[in-house]
Amino acid sequence: MTARHLIGFALLAVCGLAATAAPGHAAQEGKRVAVFVGPTQDKYLGALTRSFETTATAAGMKVTTFSSPFDPALQAQQLDDAVAQKFDMLVVQPISQKAVVPPLLRAKAAGIPVVLVVVPLEGSSAEELYLTYAGYDDTVVGQMAAEAMVDALMKSGHAKANIAIIAGSMDEGKAPLRQKAFVAEMAKHPGFEVVATEDVKWNPVKAESSTGQLLARYASKGGLDGIYGMNDTLANAVIEAASAAGAEPGTNRGSFVVVGGNCQAVGIKNLQGGRMAATVLVLPTEEGKLAAEKVADFFNGKTLEKAYLLPPQRITKSDLQNVAQPCSY
């Protein structure tokens, strides 16, 4: 066999190996993904972001995270900067349903796809601005919280009740979805009325202050019988303020009823201690992982559905033996 034949066989062998390896080489390898969320100091958003980064990085993607203190103008600027830098994908938690639209229109014009997390955009006209939403259905979360509130109020002996909501940011979409669903579910139960909603921007310091003010404001109007804190950190602030005001939270007859959300470590503690009636399990680690998997699917040519929804779960003290560990964040 001549040297020319040997070289030819060698080249064929190399080409054959390359052809064999090619299908196993994921298309997401080296893709640059920009993630936009609220403050990563927030336990939920921090855990979600870390989960996304871990999953995406393991799949070969390069992740850059942009955080904002629930500042719509800052997020819009961050998005525009990412478009200018020609990232391959934007993963966005909309901080403002309105302010996020112009930069997403510019992303679309630049041909940069968008995946939403934490909360979807409202309205059918906005659907053209993103590929998919990966996360929880906050309408279901709000409904579950209301069902838990009704059950707890009835068990504590309340035939009628005034209830308030300590909300997250009412600009970004998540809190309004929970609030609307909570109010709608409560309206099905005559005598149980939602009398106030306080926007505290997910800030527990503001939540404690607002709770004290609400209790004082309604003291001459029949008082408050329960408060829904949209996450367990807010609910814990409610518990502290209510205790200081003499409205002792609990699950016994005549107790002041507090329901939380997101199933955080402080919520587990309050459930165990009987100071909070219920929470709703949503896991940021699962949400971040799901979003990263859908981004990888897109890069690998898969057609995405418009939404991928994780199932929330209502949690009371009796459920803790099954869920306490994954809730602790």
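In the predicted model, the largest pocket has a volume of about 240 Å³. Its lining comprises 16 residues, and those closest to the centre of the pocket are Ala-152, Lys-155, Thr-251, Ala-277 and Thr-316. Helix 5 (residues 138-155) supplies the largest share of this lining, namely four residues. Classified by side chain, the lining of the largest pocket consists of seven nonpolar, five polar and four charged residues.

The second largest pocket has a volume of about 180 Å³. It is lined by 13 residues, among which Asp-42, Lys-43, Trp-202, Pro-204 and Thr-233 lie nearest its centre. Five nonpolar, five polar and three charged residues make up the lining of the second largest pocket.

Rolling a probe the size of a water molecule over the atoms shows where empty space is left. A search of the whole structure returned one cavity of 30 Å³ or more, and the volume of the largest cavity is about 100 Å³. The residues lining the largest cavity are Asp-42, Tyr-44, Leu-45, Phe-70, Gln-93, Val-118, Glu-172, Lys-174, Trp-202, Asn-231 and Asn-262. By class, this lining has five nonpolar, three polar and three charged residues.

Strands of a sheet pair through backbone hydrogen bonds, either parallel or antiparallel. Here, six strands form an open sheet with parallel pairing, in the order 2-1-3-4-5-11. From one strand to the next, the twist averages 15°. Within this order, strand 4 (residues 114-117) and strand 5 (residues 132-136) pair in the parallel sense over three bridges, and Leu-116 stands opposite Tyr-133 in strand 5.

Side chains of opposite charge can pair when their charged atoms come close. The count of salt bridges comes to twelve. One of these joins the side chains of Arg-275 and Glu-240, with an N to O distance of 3.4 Å. Arg-275 lies in the loop between helix 9 (265-272) and strand 10 (279-281), whereas Glu-240 belongs to helix 8 (residues 232-244), so the pair ties together parts that are 35 residues apart in sequence. Arg-275 is partly exposed, at 24% relative accessibility, and Glu-240 is also partly exposed, at 34%.

A further salt bridge links the side chains of Asp-199 and Lys-201, at 3.1 Å from N to O. Asp-199 has a relative accessibility of 32% and counts as partly exposed; Lys-201 is likewise partly exposed, with a relative accessible area of 31%. The side chains of Asp-297 and Lys-302 meet at an N to O distance of 3.6 Å. In this pair, Asp-297 is buried, with a relative accessible area of 18%, because buried means under 20%, while Lys-302 is partly exposed at 48%.

Salt bridges also link Asp-138, Lys-174 and Arg-178 in a network.

Technical notes
Residues numbered from 1 in each chain as written. Predicted model: local features only at pLDDT ≥ 70, side-chain atom pairs only at ≥ 80, totals over all residues. Heavy atoms only, no water. Salt bridge = Lys/Arg side-chain N within 4 Å of Asp/Glu carboxyl O. Buried < 20%, exposed > 50% of the residue type's maximum accessible area, 1.4 Å probe, protein only. Helix = DSSP H or I, 4+ residues; strand = E, 2+ residues; numbered from the N terminus. 1 Å grid on protein atoms, 1.4 Å probe; cavity = no way out; pocket = protein on both sides within 12 Å on 5 of 7 lines; lining within 4 Å. Points joined across faces, edges and corners; volume = space filled by probe spheres on them. Nonpolar A, V, L, I, M, F, W, Y, C, P; charged D, E, K, R; others polar. Pairing = 2+ DSSP bridges. Axes fitted to C-alpha atoms, helices over the stretch in contact; angles between N-to-C directions.
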